[in-house]
Amino acid sequence: MGSGGSNPGPVSCGSWIRRPENVNLALIGRSRRPDSSPSSFEIFSFDPKTTSLSSSPLTEFAFEECDGDLVSVAVHPTGDEIVCSTTQGGCKLFELCGQELNVKLLIKELPPLKDVGPQTCLTFSVDGSKLATGGVNGHLRILEWPSLRPILDEPSAHKSVKDMDFSLDSEFLASTSNDGSARVWKTDDGVPITTLTRSADEKIELCRFSKDGTKPFLFCTVQKGEKAVTAVWDISNWKRIGYKRLLRKPACIMSISRDGKYLALGSKDGDVCVAEVKKMEVSHMSKRLHLGTSIKTLEFCPSERVVLTSSVEWGAVVTKLNVPADWKEWQIYVLLVSLFLASVVVFYILYENSDSFWQFPLGRDQPARPRFDSFVGDSQSVDDPFGPVDM
């Protein structure tokens, strides 16, 4: 694992930024420091070979003192735009300019979200066509992107929005509340579809849709007294179909990998567990990764089996997951070429030994068959006592 950061301010949020050619940057948001310095954004490069962030940021942006502290952040799937929420300055939009490691942040106007108050949740849809915001006051919004046309503007969607996530096809938005309820919304018109069923002593806290394209599920963490589980809903009928105890303690944050293969949970005392979705079994566990403090950021790297985590006490950390390695593109090509060459060799062996292999009798006057090398350009031919097999 590795850490990054030159600014001593507490880390309040973070996210990966996916750039062209599988280059990944890490965005770290820091709140105001004890010396009254303002909140700031820092962008670090990431080295997959050492699983570490750069020792100093590639670029920084200092907020105005009147903006207060950073609350949440969302990065557009293209990696070109960033939206963040502050405690006093509403939401702000940034454009990430430049190429490779020469980047800078340009602030832009975001009129519909200028004075909306702190937003605990910000998230873009998978296809980047929508932005959802969930406020501390329970106000839920869905905006078309980049036109910012309002699709949903519901002031009383929840008591206070706790978590939310778009489905893989961007058709649904699931949202949870601090009171333990969870709702699902249609994103093309903002119409509420259902409220997830739960017993009176259960609280639905976090939510993530499956992202592998084959299993239409919604994963939610459910707290029932001292028992914490990850429950699963079938999104074809919104019925609860089962649960698993993965983290075995209350979770404060949840994430799913871009390809949908892994689901991650972070605890209030600094543990992180990663489960393989196909088996719903824990594949990786990091105990005391952020010892004794709640994890604020938990996000899978877009192209590596690495997670970015952060906490106020311990800052930002990147951790390589102890899970089976994925096939790289070049490895797949090598395998295909190897299989092709192996098939050529097998064909040659069978061809050379076809008479004895098929064990067909040969006639006395049966003409000899040409050798294999005559087919590949060798003008010389040698009499072969065995002729071609007559099929």
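Author: In this discussion of a predicted model, two residues are in contact when heavy atoms of theirs lie within 4.5 Å. Leaving aside its neighbours within four places in sequence, Val126 is in contact in this sense with Pro77, Ser167, Leu168, Ser170 and Lys211.

Reader: Where is Val126 found, and why does Val126 count as partly exposed?

Author: Val126 is found in the loop between S11 and strand S12 (130-135). Its relative accessibility is 38%. Buried requires a value under 20% and exposed a value over 50%, so Val126, at 38%, counts as partly exposed.

Reader: What separates the C-alpha atoms of Val126 and Pro77?

Author: The separation is 6.9 Å, although the two residues are 49 residues apart along the chain. Pro77 is also one of the contacts of Val126.

Reader: What makes Thr123 buried?

Author: Thr123 has a relative accessible area of 14%. The limit for buried is under 20%, and therefore Thr123 is buried. Thr123 belongs to strand S11 (residues 119-124). Beyond its neighbours within four places in sequence, Thr123 touches Ala74, Lys130, Leu131, Ala132, Met164 and Phe166.

Reader: Why does Thr59 count as buried, and where does Thr59 lie?

Author: The relative accessibility of Thr59 is 12%. With buried set at under 20%, Thr59 therefore counts as buried. Thr59 lies in strand S6 (residues 59-62). Apart from neighbours within four places in sequence, its contacts are Phe41, Glu42, Ile43, Val103, Lys104 and Leu105.

Reader: How many disulfides does the structure hold, and how do you know that for Cys13?

Author: The structure holds zero disulfides. A disulfide needs two cysteine sulfur atoms within 2.5 Å. For Cys13 the closest cysteine sulfur is that of Cys84, at 7.2 Å, so the distance is too far for a bond. Cys13 has a relative accessible area of 5% and is therefore buried.

Reader: What can be said of the sulfur of Cys121 and the closest cysteine sulfur?

Author: The closest cysteine sulfur to that of Cys121 is in Cys207, at 8.0 Å, which is also too far for a bond when the limit is 2.5 Å. Cys121 has a relative accessibility of 8% and so counts as buried.

Reader: Which features of the backbone deserve attention in the loop between S13 and S14?

Author: Most residues other than glycine have a negative phi, and most peptide bonds are trans. Leu148, which lies in this loop, has a positive phi near 65°. Pro146 is placed in the loop between S13 and S14 as well, and the peptide bond from Trp145 to Pro146 is cis, with omega near 10°. Leu148 has a relative accessibility of 17% and so counts as buried.

Reader: How many cavities of 30 Å³ or more are counted, and what is the volume of the largest cavity?

Author: The count comes to one cavity of 30 Å³ or more, and the largest cavity has a volume of about 70 Å³. The lining has 14 residues, of which Thr221, Ala228, Val229, Lys249 and Ala251 are the closest to the centre. Strand S20 (217-224) and strand S21 (227-234) are the elements that give two or more residues to this lining.

Reader: How do the residues of that lining divide?

Author: Eight are nonpolar, three are polar and three are charged.

Reader: How many helices and strands does the protein have?

Author: The protein has two helices and 29 strands. Of its 391 residues, 49% count as buried. Among contacts with a separation of 6 or more, 43% are between residues 24 or more positions apart.

How values were computed: Residues are numbered from 1 along each chain as its sequence is written. This is a predicted model: local features need pLDDT of at least 70, side-chain atom pairs count only at pLDDT 80 or more; totals for chains, interfaces and linings use all residues. Side-chain values use heavy atoms; hydrogens and water are left out. Buried means under 20% relative accessible area, exposed over 50%, partly exposed in between (1.4 Å probe, protein chains only). On a 1 Å grid over the protein atoms alone, a cavity is a set of points where a 1.4 Å probe fits but cannot get out, and a pocket is an open set with protein on both sides within 12 Å along at least five of seven lines; lining residues have an atom within 4 Å of a point. Grid points are joined across faces, edges and corners, and a volume is the space filled by probe spheres set on the points. Helices (H or I, at least four residues) and strands (E, at least two) are DSSP runs, numbered from the N terminus. Ala, Val, Leu, Ile, Met, Phe, Trp, Tyr, Cys and Pro count as nonpolar, Asp, Glu, Lys and Arg as charged, and the others, Gly among them, as polar.
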